[in-house]
Amino acid sequence: MRIGLRQRIARYLTTYGFWVFMTLLTLIPIWWMFAVSMRSRVELFARPNLAISRIFLENYSNVLGDSSFQRYMSNSLLISSANAVLVMVLALLATYALSRYKLVGKDNIFFWLITNRMAPPAAFLLPLFLMFTRSFRIGDWTLFDTQLGLILLYCVFNLPFAIWLLKGVIDGIPIELDDAAMIDGAGLFGVLRHVIVPLAAPGLAVTAILSWIFAWNEYLFAANLTSVQARTITTALAEFVTVTGTNWGELAAMSMLTLIPSAVIVVFAQRYIVMGLTFGAVKE
Amino acid sequence: MRNPRTGWLLLSPTLIILIVFGFLPFLYVLFVGFHEWNIFAAQDGMRYNGLDNFRRLVFDVDFLNSVGLTAKFALFAIASEVVLGFFLAQMLTRNFPGKSLFRIIHTFPLMVAPIAVGAIWRLLVIPGFGPVPFLLDRWFDIEYLIGTYPDQALLTSVIMDVWHWTPFVTLTMLAGLSSIPKEPVEQAKVDGANRFQVFWYVTLPFLRPVLLTTIFIRIMDAIRTVDEVWMLAGGGPGTRFTGIYIWRVVFPRTDYGYGSSISIITLYLTIVLCWLLFIGISGQGKDEVE
């Protein structure tokens, strides 16, 4: 008995030791950034030290008080939220169509959807740049440097995964329920509203949440398809390094603010992240 | 009752957006790729030049280097992630109090914006106040400057990618491991198989589809990596990956025609690679199960 107990304790200790070590590996880089955000310019160039000696919020107040940062932040919020809602609605309609109707070439459409996500984004920068600056133009107005442009563009990589994710959910809702509602006199939108949406609600929520975070995190398109008005928070981060140069404290503070949504989502939607990242190919 | 026309109507907004912002740009790249078009060139506008761009590409040392670097980066990063992720998933199949907390923390890097990942690692390695160069110099007497030494920059990118994406592999492996039936494993143990044999002959074949899917998705993403590496090293030596190279040709140099032809080749290479893997997943997997 004593040996068994000892073995069990040893096993617990190794397991915990290992996981504490892994957790430190994950958190130390982020902690260091937090430490940098809590330091003034002078303090930074002292000997590297993980401990935080005092609460120093000037970096945060500088960043939050800056009017262009406020614009970046509100742009990012607006673009991500609008994109998430749009993706959720369009994906619901599209998936419903793919799931319930006999459409010619349905499987090919399905495969084509995923290819939209495979493409290296850098390859599409040029045509999109030209389309945004030249083709979509009404008088002086172009799609370039507008929130609308990014909202629509982000659908290209969010819709495919949303449809893949929702396909399983909607296929799982028995078609008899649709029929019963239709016999009771519900039209198409009645069925969607009273049958599909309530039953697919968790799936729809996950779709919206993950679309939101993918749009929030996107950088390459935002950086090249906007200039002043529609810049997002990720482009602001990158600009900090290349243009302003060396204000590391504020850069760290801004990055910390960018991390907040990610942290919230990991806590609340953790189970679905893998499904979202693998087009539902791997379920947990 | 279910008229296909209604179905198409429901599908149409999605198709329109994907065609306009996904497919048309592709056709456009294809078109421009066969033209000479540089904003700063002597003559204005596009000029058809057949396969010249592609001929130039085969001898473009910078491009070939960028492909080599991307391949090296993807290989090192994905190999480490798969081994580490499998090991971590194995550790998570045990039950212990507090497991879910460790798991949540381990998942966190996955949702961090790539550009913020780049910022985090840049702050760690920046000469002057980053702790990594300081400690390496102090403990091992290594001079660590990612702006100067290409190998160090590449290695740092790989480590950063491992930090960012290993959790993904862990989670997919965990999903795969927990779907493996218990009986074959027990049976193999009864028959006297050792731990390695159980892993090699029972666990691995069962895990194969998930493993290949994971590698498939990781390769797709690793080839596309631009943001975080750009943020980390600013396109310095050792990190000039294909994505960054395309950006350089198209934007600062405005060599639109040539940039498009590189895009086409990159796209083509990605598709071929994915197709090969796809066959690996669907074809071979089936043969072995039957």
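**Helix crossing in chain A**

A crossing of two helices counts as left-handed if the near helix is turned anticlockwise from the far one by less than a right angle, and as right-handed if it is turned clockwise. In this predicted model, the crossing of H4(A) and H7(A) is right-handed. The contact between H4(A) and H7(A) comprises 20 nonpolar, six polar and two charged residues.

Helix H4 of chain A spans residues 67-100 and helix H7 of chain A spans residues 147-171; their axes come within 6 Å and cross at roughly 40°. H4(A) and H7(A) are therefore oblique to each other.

**Domains of chain A**

Chain A is divided into domain 1 (1-56) and domain 2 (64-277). Between the C-alpha centres of domain 1 of chain A and domain 2 of chain A there is a separation of 35 Å.

In the contact between these domains of chain A, eight residues of domain 1 meet six residues of domain 2. On the domain 1 side, the elements giving two or more residues are helix H1 (2-37) and helix H2 (41-44) of chain A. H1(A) supplies the largest share of that side, with four residues. By class, the domain 1 side holds four nonpolar, two polar and two charged residues.

**Contact between chains A and B**

The contact of the two chains draws 76 residues from chain A and 72 residues from chain B. Helix H1 of chain B (residues 4-32) contributes 15 residues, the largest share of the side of chain B that touches chain A. That side of chain B consists of 51 nonpolar, 17 polar and four charged residues.

Definitions and conventions
Residues are numbered from 1 along each chain as its sequence is written. Chains are lettered from A and ligands numbered from 1 in the order in which they are written. This is a predicted model: local features need pLDDT of at least 70, side-chain atom pairs count only at pLDDT 80 or more; totals for chains, interfaces and linings use all residues. Axes are lines fitted to C-alpha atoms, for helices over the stretch in contact, and angles run from 0 to 180 degrees between N-to-C directions. Angles under 35 degrees count as roughly parallel, over 145 as roughly antiparallel, 65 to 115 as roughly perpendicular and the rest as oblique. Ala, Val, Leu, Ile, Met, Phe, Trp, Tyr, Cys and Pro count as nonpolar, Asp, Glu, Lys and Arg as charged, and the others, Gly among them, as polar. Two residues are in contact if their C-beta atoms, placed from the backbone, lie within 7 Å. Domain bounds come from an automatic or database domain assignment.
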